[in-house]
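Hi,

Here is the structure for your review. My notes follow below it.

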Amino acid sequence: MTTTNTHPTTKINVDQHLTFDDSVIEKIAGITATRVPGIISLDGNMFSEFADKVSSGNNMTKGINADVGEKQVAIKMDATIEYGKSAPEIFEAVCKEIDSALDKMTGLKLVKFELHVNDVKTREELKKDDDKQVN
């Protein structure tokens, strides 16, 4: 009787390399950040604001810049936060959530995170702004 081993004990050596576009990392950060209480919107510069007004899409990477290395990521983000909320608490929560999401989804380590708060709005102000864009 002859037996065949269908589960070889030696692994085949394969040169493996997993990479991500900066836009993928920016999108993960954007989706994650918008789920943090106190973040009203992510905002870009004037050019991206104008581009959003003339396009119909919702850009989840607006206001986010990622520098992606082989194992590490640095992220800069511009955001509008909710009036009355603690900016330091929002900052800590966003940083923690993005670090966790990047680690889970990509295996990359967040080594630098910058959040620039460029506006503070009430929920009512945001609703008025949204109503203006619809009309």
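The chain has four helices and four strands. Helices are DSSP runs of H or I with at least four residues, strands are runs of E with at least two, and both are numbered from the N terminus. From the N terminus on, the order is α-β-α-β-β-α-β-α.

Two notes on the source. This is a predicted model: local features need pLDDT of at least 70, side-chain atom pairs count only at pLDDT 80 or more, and totals for chains, interfaces and linings use all residues. Residues are numbered from 1 along each chain as its sequence is written, and side-chain values use heavy atoms, with hydrogens and water left out.

Overall numbers. Of the 135 residues, 30% count as buried (under 20% relative accessible area; exposed is over 50%, partly exposed in between; 1.4 Å probe, protein chains only). The chain exposes about 10,100 Å² (Shrake-Rupley method, 1.4 Å probe; for residues, only the protein chains shown count as cover). Carbon and sulfur atoms supply 50% of that area. Take contacts (heavy atoms within 4.5 Å) between residues at least 6 apart in sequence: 73% join residues at least 24 apart.

The core. The largest nonpolar core has 24 residues (buried Ala, Val, Leu, Ile, Met, Phe, Trp, Tyr and Cys, joined through side-chain atoms within 4.5 Å). Ile-75, Met-77, Val-94 and Ile-98 touch the most other members. At least two core residues come from each of α1, β1 (39–42), β2, β3, α3 and β4 (109–121). Ile-98 has contacts beyond four places in sequence that include Ala-29, Ile-75, Met-77 and Phe-113.

Glu-26 lies in helix α1 (residues 22–34). Glu-26 is buried, yet has no salt bridge (a side-chain nitrogen of Lys or Arg within 4 Å of a carboxyl oxygen of Asp or Glu). The nearest side chain of opposite charge is Lys-27, 11 Å away (Lys and Arg positive, Asp and Glu negative; His and chain ends not counted). Beyond four places in sequence, Glu-26 touches Met-60, Thr-61, Ile-64, Asn-65 and Ala-66.

Ile-64 sits in strand β2 (residues 64–68). Ile-64 counts as buried because its relative accessibility is 8%. Its C-alpha atom is 6.0 Å from that of Glu-26, 38 residues apart along the chain.

The surface. Tyr-83, Val-117 and Val-120 form a nonpolar patch with about 280 Å² of accessible area together (residues over 30% relative accessible area without a salt bridge; like charges joined within 9 Å, nonpolar side chains Val, Leu, Ile, Met, Phe, Trp and Tyr within 5 Å). Tyr-83 is in the loop between β3 (72–82) and α3 (87–106). Tyr-83 is exposed because its relative accessible area is 59%.

Best wishes
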